[in-house]
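Trainee: I have a protein open on the screen and would like to go through it. Can we start with the strands?

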Amino acid sequence: MNHETVVLSTTSDFSGWRAWARKLLHDRVPADTIRWTVEAPSDLYASSTTRILPTAPSTTSVPRSLATLFPAVFVSEAPERFQLLYITLQTLRDDMTVPDELSKQLLGLAAGSRKRVLDLRCQMPDARSPECQIIRTSHAAALIDSQATALSNLRPTPWAIVAPERTLFWDGQECRFGPALEDDISEPSEMIAAARNIATAGSGNAWWDGIAPVRLHPVATDIASSPSLANLRGQAIDCQMCDLCGPATRTVSGEGNPDAEIIFVGEQPGDQEDLQGRPFVGPAGQLFDQALREAGGNRAQAWITNAVKHFKFVPKGRRRIHQKPDSTEISACSPWLAAERKVLAPKVTVMLGVTGASAVLGRQVTVSRERSRHIALADGSIGLVTVHPSYLLRLPDEESKTREYTKFVTDLRMAISALAG
Ligand code: URA
């Protein structure tokens with residue numbers, strides 16, 4: 001029997017695997033005659049662009065439910081993963097049903113990758129520190145590579161990942177990929193310098209070839225069973241529950257004190273929030289911070305979030321003009337807010353404006369009619385509706401601004417006072 005050996009350029013060479021699989025399927029090469037291997041680049045600075053991949057027409061259509069598992073299986077740690085994926089394609093090409101045993105294996109491997117991805121994301125440092133941070137992890141290179149873009153979105157400030165077979169360095173602008181560090185360096189600044197030196201710049205280098213686009217696409221059931229706020233945050237990076245994820249820069253998850261007894265729910269991230277990846281950091285957020293302090297509270301004790309986690313806008317020249325999310329977008333995003341409130345179990349939920357209020361209360365709300373009083377929420381906790389701080393920014397004259405600001409501070413004070421009860 002003839003054997004085919006396919007050499008993938010890196011463990012994350014999903015596009016190489018796909019091109020070879022397509023060709024071998026087209027030539028009807030049986031799975032058990034193929035040996036899939038991975039060859040790490042010998043030259044650190046080699047460019048991957050010289051690699052020639054076979055071309056062949058596609059012979060197989062893969063149902064969406066299986067196709068979404070492929071990249072996650074690809075970055076799993078099972079040595080037989082390439083072959084299992086090929087067998088799956090071969091079965092589908094021959095119009096046969098994928099056996100339960102094989103589906104179960106694929107699901108198990110994908111679930112394992114998903115767990116490791118979340119674990120890696122939860123290891124990422126706090127985005128608020130401008131200092132370069134080091135993450136030491138034991139995850140495999142394929143998994144780390146597959147997450148490079150998501151991780152730089154999650155933590156835009158510089159970091160270096162140091163793992164047994166991979167060094168990944170993000171300087172705030174671009175990712176650099178390289179093999180493991182040879183020396184066991186304990187001094188942080190030396191480690192950062194070593195990581196920067198060893199890693200080759202950007203995509204297109206031999207250590208970052210055809211990143212497997214692992215998209216976890218969380219679904220409502222995953223979100224509802226999420227055990228922690230950090231886990232929710234990790235999953236939310238890949239949220240595609242509505243179309244807002246396309247144009248937005250990133251998901252802006254809630255943040256704050258995970259033991260907070262009070263949660264503030266706004267509408268959606270604005271321009272600044274979308275760029276910085278944090279809620280309420282733009283002009284409305286600054287006004288909110290000021291009012292919260294005057295009311296006797298502070299952000300460090302609170303959890304701050306939004307009903308919708310992606311920025312909705314229309315471009316106008318170089319500006320991005322805020323658009324109100326519609327009811328479909330609010331309800332698509334509602335599992336995140338529900339899960340955040342379930343995990344946090346706050347005593348008090350403050351709804352900032354009509355979108356936050358309708359998302360929490362699950363019905364239409366007229367803020368002027370329902371504001372400034374304690375509302376009993378379905379879970380037995382207390383809610384309070386008030387205006388959104390950007391409403392105060394939009395008021396045309398100083399007199400109404402001062403009057404409405406004072407009422408806003410009074411509302412926040414009323415919410416904080418409910419904590420004592
Ligand atoms: N407006 C909001 O509703 N949320 C933010 O995070 C910022 C502005």
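Trainee: How many bridges join β6 to strand β7?
Mentor: Two bridges join them, and the strands run antiparallel. Keep in mind that this is a predicted model.

Trainee: Where is β7, and what is the bridge partner of Arg-176 in it?
Mentor: Strand β7 covers residues 200-201. The partner of Arg-176 there is Ala-201.

Trainee: In which sense do β5 and β6 pair, parallel or antiparallel?
Mentor: Antiparallel, over four bridges. Strand β5 is residues 166-170 and strand β6 is residues 175-178. Within that pairing, Leu-168 stands opposite Phe-177 of β6.

Trainee: How many residues lie between the strands in that hairpin?
Mentor: Four residues lie between β5 and β6. Gly-172 in this hairpin has a positive phi near 100°.

Trainee: Changing topic to charges. How many salt bridges are there in the whole structure?
Mentor: A search finds 22. In general, side chains of opposite charge can pair when their charged atoms come close.

Trainee: Give me an example. What does Arg-278 form a salt bridge with?
Mentor: Its partner is Glu-255, and the closest N and O atoms are 2.8 Å apart. Arg-278 sits in the loop between α11 and α12, while Glu-255 is in strand β8. The two residues are 23 apart in the chain, and the pair links distant parts of it.

Trainee: Is Arg-278 buried or exposed?
Mentor: Arg-278 counts as buried because its relative accessibility is 19%, and the cut-off for buried is under 20%. Glu-255 counts as buried too, at 9%.

Trainee: Which residues are linked in a network of salt bridges?
Mentor: Arg-371, Arg-403, Glu-404, Lys-407 and Asp-411.

Trainee: How do Glu-404 and Arg-403 count, buried or partly exposed?
Mentor: Glu-404 counts as buried, at 6% relative accessibility. Arg-403 counts as partly exposed, at 47%.

Trainee: Where is Asp-411?
Mentor: Asp-411 is in helix α17, which covers residues 398-417. Asp-411 is buried, with a relative accessible area of 3%.

Trainee: What does Asp-411 touch, not counting residues up to four places away in sequence?
Mentor: Its contacts are Arg-371, Ser-372, Leu-384, Val-385 and Thr-386. Arg-371 also belongs to the salt-bridge network with Asp-411.

Trainee: Now the whole protein. How many helices and strands does it have?
Mentor: There are 17 helices and 15 strands. The C-alpha trace spans about 85 × 55 × 45 Å along its principal axes.

Trainee: What percentage of the residues count as buried?
Mentor: Of the 421 residues, 53% count as buried. The protein exposes about 19,900 Å², and carbon and sulfur atoms supply 52% of that area.

Trainee: Last one. How far apart are the mean positions of the positive and negative charges?
Mentor: They are 7 Å apart, for 45 positive and 47 negative charges.

Notes:
Residues numbered from 1 in each chain as written. Predicted model: local features only at pLDDT ≥ 70, side-chain atom pairs only at ≥ 80, totals over all residues. Heavy atoms only, no water. Buried < 20%, exposed > 50% of the residue type's maximum accessible area, 1.4 Å probe, protein only. Areas by Shrake-Rupley, 256 points an atom, 1.4 Å probe, with all protein chains shown as cover. Lys, Arg positive; Asp, Glu negative; His and termini not counted. Charge placed at Lys NZ, Arg CZ, Asp CG, Glu CD. Contact = heavy atoms within 4.5 Å. Salt bridge = Lys/Arg side-chain N within 4 Å of Asp/Glu carboxyl O. Pairing = 2+ DSSP bridges.
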